[in-house]
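Here are my notes from going through the model you sent over. Have it open on your screen while you read, and work through the points in order.

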Amino acid sequence: MNSMRVEATTIRPTPTVADAREKARSFLEDLQEPTVTPAAADAVLLVVSELVTNALRHGGGSYTLRLIAHPDLIEVAVDDPSPQAPRTRTPDLTGATGGFGWRMVTHLARTTAVIHRPAGGKTVSAFLAR
């Protein structure tokens, strides 16, 4: 019999991006079989950092982070109140305005999705190899 085990956690806004990353690290460490490889864990933490940073900077300053473990994927989902979808921008090599994040997320993830919620805002999801 095939069964799918899904573990999930919802993280309400934390004071810093580092706090969100630490919650994600704990989530990954608590996963049972199959465990997450060190490289996959690093990718998940980078994506958490970027999506939470974007929600704080561009999405209205509040967010909800959801982490869901699927049999072969980790889903990182961030809700924020802004209807504006992420977009690829020309990176600012001086570091003043960024432009690297969404490109990095789409490179690390197997796939991404942006869902506009009927009540307003959006959910940005990235699905990464486990």
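Which residue of β3 does Leu-67 stand opposite? Leu-67 stands opposite Val-76 in β3. The points below put that pair in context.

1. **What you are looking at.** This is a predicted model, so to speak of local features I need pLDDT of at least 70, side-chain atom pairs count only at pLDDT 80 or more, and totals for chains, interfaces and linings use all residues. Residues are numbered from 1 along each chain as its sequence is written, and side-chain values use heavy atoms, with hydrogens and water left out.

2. **Confidence.** The pLDDT (the predictor's confidence in each residue, from 0 to 100) has a chain mean of 86, and 88% of the residues reach 70 or more. Over residues 1-6 the pLDDT is below 50, and beyond near neighbours in sequence this stretch has nine contacts in the model; contact here means heavy atoms within 4.5 Å. Where pLDDT is low, the predicted coordinates should not be read in detail.

3. **Overall layout.** The chain has three helices and five strands, in the order β-α-α-β-β-α-β-β along the sequence. Helices (H or I, at least four residues) and strands (E, at least two) are DSSP runs, numbered from the N terminus. Of the 130 residues, 42% count as buried, where buried means under 20% relative accessible area, exposed over 50%, and partly exposed in between (1.4 Å probe, protein chains only). Take the contacts between residues at least 6 apart in sequence: 60% of them join residues at least 24 apart.

4. **β2 and β3.** A hairpin joins β2 to β3 through three residues. The two strands pair in the antiparallel sense over six bridges; to count as a pair, two strands need at least two bridges found by DSSP. Five of the six residues of β2 are buried, so the rest of the structure largely encloses this strand.

5. **β5 and its two partners.** On one count, β3 (residues 73-80) pairs with β5 over eight antiparallel bridges, and Asp-80 stands opposite Lys-122 in β5. On the other, β4 (residues 111-116) and β5 run antiparallel and are joined by six bridges, with Thr-111 opposite Phe-127 in β5. Seven of the eight residues of β5 (residues 122-129) are buried, so β5 is largely enclosed by the rest of the structure. Have a look at the β4-β5 hairpin too: it has five residues between the strands, and Gly-120 takes a positive phi near 115° there.

6. **The nonpolar core.** A nonpolar core is a set of buried Ala, Val, Leu, Ile, Met, Phe, Trp, Tyr and Cys residues joined through side-chain atoms within 4.5 Å. The largest one has 30 residues, and those with the most contacts inside it are Leu-28, Val-48, Leu-51, Leu-65, Ile-74, Val-76 and Leu-128. At least two residues each come from α1 (17-30), α2 (38-58), β2 (64-69), β3, α3 (101-108) and β5. The most comes from α2, with ten residues. As for Leu-28, it touches Val-36, Ala-41, Val-44, Leu-45 and Ile-74, not counting residues up to four places away in sequence.

7. **One side of α3.** Which residues of α3 are buried? They are Gly-101, Trp-102 and Val-105.

8. Ser-49 lies in helix α2 and is buried, with a relative accessible area of 13%. Leaving aside neighbours within four places in sequence, Ser-49 is in contact with Val-17 and Arg-21.

9. **Two loops worth a click.** Tyr-63 is in the loop between α2 and β2, and counts as buried at 3% relative accessibility. Tyr-63 and Val-52 are eleven residues apart in sequence and 7.2 Å apart in space, C-alpha to C-alpha. In the loop between α1 and α2 you will find Pro-34; a cis peptide bond joins Glu-33 to Pro-34, with omega about -10°.
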